[in-house]
Amino acid sequence: MSVFRLGARVSIGSGEESDIRIEDKGVAAQHCTIDCTDGRYMLSDLDGRDGTFINGIPVKQREIASGDEIAVGNSAFLFSAEKQHPGEGSEVRLKERNDAAAQVQQVRYEELPFLRPESLAALPAPERMARNLSVLLRISTGIGGMRDVELLEWTLLGMVFDVIPAERGAILLLDEETREVQSHTAWDRVQGPDHAVQVSPGILKRVTEERISILENAGSAEGGTGELEAQSIVCAPLGVGERVFGVLYLDTTNSATRFREEDLELVSAIASLTAIGIENARQFERLTLENQQLRAEVSLTHGRKERANERGVPVHRASGTQ
């Protein structure tokens with residue numbers, strides 16, 4: 001993943017004069033610009049053939065903020081106004097919750113309405129269902145072709161923040177044998193990357209072991225340390241087939257924007273799409289590595305033969321037959 005520093009004006013396009021050059025037939029020579037005035041960043045589309053998108057929405061001109069995902073052709077950029085590298089986001093800290101009055105809801109993968117057409121037909125509020133389906137389509141399109149796991153995770157978090165009233169989010173990938181957190185991508189968009197995203201190990205264990213999505217609304221607003229506790233949490237498993245290799249975690253301390261059951265179902269569906277995207281990206285990375293290793297082996301063998309021929313030494317191939 002490349003990092004680009006922004007000045008007063010940065011141009012993006014396929015032309016040689018562009019500050020960020022993208023070799024893509026769908027990208028115009030001067031596709032769009034980002035201008036900074038008094039610490040505010042404004043993106044302007046310059047009538048590129050395929051348009052410029054912010055968080056999956058086509059725009060002509062719009063102010064951008066940290067966490068926004070900018071799509072130009074087949075390339076995606078995660079905008080960060082902070083000095084920190086986006087990949088160096090918030091720390092994830094495991095902390096057990098102590099709230100006996102919490103209200104907990106859960107849903108199993110096989111119970112999700114998006115998997116059962118008859119349940120979809122019975123859902124109220126047609127406009128909400130249409131919106132949710134639109135969100136899933138946008139996310140599926142936005143991350144489906146990505147081959148970099150880290151970029152995929154950052155892009156996904158930006159899209160989720162657009163549709164779920166979460167203050168913090170994290171994608172945790174686990175070692176499938178030890179079940180310990182292997183890597184994470186996390187962001188606190190209220191207090192910034194210096195503030196850790198606290199995840200309950202109890203919730204993490206239940207979600208991954210039972211393969212269920214959990215919605216928990218707290219009964220109290222403040223923990224024993226004086227810090228604001230998460231008022232609402234939603235956590236969904238990332239898995240393909242019978243394997244669960246991570247979780248998508250979201251929370252908020254704002255009691256006025258607690259998550260609801262429909263948020264639980266939407267996040268569960270998003271997690272399912274994310275898991276497929278991550279698995280595909282991982283497979284692509286594995287195939288790329290294997291291809292590089294095979295090329296290196298062929299190059300090494302070819303080099304040995306050439307050196308042997310130069311010395312006039314016959315080259316014998318090992319055989320398993322007698």
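In which loop does D38 lie? D38 lies in the loop that runs between strand 3 (32–37) and strand 4 (40–45), and this predicted model gives D38 a positive phi of about 55° although D38 is not a glycine. The chain as a whole has 322 residues, of which 44% count as buried, and its secondary structure consists of 5 helices and 17 strands. The points below go from the chain as a whole to its cores, its helices and its strands.

**Chain overall**

- Among contacts between residues at least 6 apart in sequence, 54% join residues that are at least 24 apart.
- The chain exposes about 17,800 Å², and carbon and sulfur atoms supply 49% of this area.

**Nonpolar cores**

- The largest nonpolar core has 39 residues, and the members that touch the most other members are I164, I171, L238, L248, L250, I270 and I278.
- At least two residues of this core come from each of strand 9 (75–78), helix 2 (126–144), helix 3 (149–163), strand 12 (168–174), strand 16 (232–240), strand 17 (243–252) and helix 5 (261–311), and helix 3 gives the most, with 10 residues.
- Leaving aside neighbours within four places in sequence, L248 is in contact with L156, L157, A170, I171, V234, C235, A236, L238, V267, I270 and A271.

- Helix 3 has 15 residues and reaches 22 Å from its first C-alpha to its last, which is close to the 21 Å expected at 1.5 Å a residue.
- Helix 3 is mostly covered, with 13 of its 15 residues buried, and at its start a side-chain oxygen of D148 reaches to within 3.0 Å of the backbone nitrogen of E150.
- T208 is found in helix 4, where the side chain of T208 reaches the backbone oxygen of L204 at 2.9 Å.
- T208 counts as buried because its relative accessible area is 10%, which is under the 20% cut-off, and, residues up to four places away in sequence not being counted, T208 touches L174, R179, V244, G246 and V247.
- R211 lies in the loop between helix 4 (201–210) and strand 15 (212–217), and R211 has a positive phi of about 50° although it is not a glycine.

- An open sheet of 5 strands has the order 2-1-3-4-7, and its pairing is mixed.
- Strand 2 (20–21) and strand 7 (61–64) stand at the edges of this sheet with a single partner strand each, so one side of each is left without a neighbour in the sheet.
- Strand 3 and strand 4 pair in the antiparallel sense over 6 bridges, and in strand 4 the bridge partner of C36 is Y41.
- D38, in the loop between strand 3 and strand 4, is exposed because its relative accessible area of 78% is over the 50% cut-off.

- Strand 8 pairs with strand 5 (residues 52–54) in the antiparallel sense over 3 bridges, and the bridge partner of F53 in strand 8 is A71.
- Strand 8 also runs antiparallel to strand 9, to which 4 bridges join it, and E69 stands opposite L78 in strand 9.
- Strand 8 and strand 9 form a hairpin with 2 residues between them, and G73 in the turn has a positive phi of about 60°.

- Strand 12 has 7 of its 7 residues buried, so strand 12 is largely enclosed by the rest of the structure.
- R168, A170, L172 and L174 point one way from strand 12, while G169, I171 and L173 point the other way.
- Strand 12 and strand 13 (residues 181–188) pair in the antiparallel sense over 7 bridges, and the bridge partner of G169 in strand 13 is W187.
- The hairpin of strand 12 and strand 13 has 6 residues between the strands, and R179 takes a positive phi near 65° there.
- Strand 12 and strand 17 run antiparallel and are joined by 6 bridges, and the bridge partner of A170 in strand 17 is Y249.

Key:
Residues are numbered from 1 along each chain as its sequence is written. This is a predicted model: local features need pLDDT of at least 70, side-chain atom pairs count only at pLDDT 80 or more; totals for chains, interfaces and linings use all residues. Side-chain values use heavy atoms; hydrogens and water are left out. A nonpolar core is a set of buried Ala, Val, Leu, Ile, Met, Phe, Trp, Tyr and Cys residues joined through side-chain atoms within 4.5 Å. Buried means under 20% relative accessible area, exposed over 50%, partly exposed in between (1.4 Å probe, protein chains only). Contact means heavy atoms within 4.5 Å. The expected span of a helix is 1.5 Å times one less than its number of residues. A polar contact is a pair of N or O atoms within 3.5 Å; within protein, one must be able to donate a hydrogen and the other to accept it, and residues adjacent in sequence count only if both atoms are side-chain atoms. Two strands pair if DSSP finds at least two bridges between them. Accessible areas come from the Shrake-Rupley method with a 1.4 Å probe; for residues, only the protein chains shown count as cover.
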